[in-house]
Amino acid sequence: MPLVRNIPEGKVGWKKVKCQICGSECWERPEQKQLLKENNNMIACCTKCAIEKVTIRDGVTIRGG
Ligand SMILES: [Zn+2]
């Protein structure tokens with residue numbers, strides 16, 4: 001999810017939520033909510049954590065938690 005830090009104004013329909021990984025404030029978009037509902041193994045996280053997650057999946061970085 002886009003970080004509030006990066007997009008302070010947000011857009012119509014966006015909801016301010018906390019990243020489930022790092023706790024940063026970010027924007028939840030309506031289409032994202034639907035996607036999460038359909039995929040139980042997905043969690044909502046900010047753009048920063050999403051990038052880190054890719055790194056972890058590729059086996060480059062090993063990080064606790
Ligand atoms: Zn995060």
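**Labels and their grounds**

Guide: Along the sequence, the pattern is β-β-α-α. That comes to two helices and two strands, where helices (H or I, at least four residues) and strands (E, at least two) are DSSP runs numbered from the N terminus. This is a predicted model: local features need pLDDT of at least 70, side-chain atom pairs count only at pLDDT 80 or more, and totals for chains, interfaces and linings use all residues. Residues are numbered from 1 along each chain as its sequence is written.

Visitor: Why is P8 called exposed?

Guide: P8 has 7, so P8 is exposed. P8 sits in the segment before strand 1 (15-18). Its C-alpha is 9.5 Å from that of W27, 19 residues apart in sequence.

Visitor: What makes up the largest nonpolar core?

Guide: Five residues: M1, C26, W27, C46 and C49. Such a core is a set of buried Ala, Val, Leu, Ile, Met, Phe, Trp, Tyr and Cys residues joined through C-beta atoms within 7 Å. Of the chain's 65 residues, 8% count as buried.

Visitor: Which residues is C46 in contact with, leaving aside neighbours within four places in sequence?

Guide: M1, L3, C19, C22, S24 and C26. Contact means C-beta atoms, placed from the backbone, within 7 Å.

Visitor: Where does pLDDT stay under 50?

Guide: Over residues 60-65. pLDDT is the predictor's confidence in each residue, from 0 to 100. The chain averages 81. Where pLDDT is low, the predicted coordinates should not be read in detail.

Notes
Buried ≥ 20, exposed ≤ 12 C-beta atoms within 10 Å, placed from the backbone. Contact = placed C-beta atoms within 7 Å.
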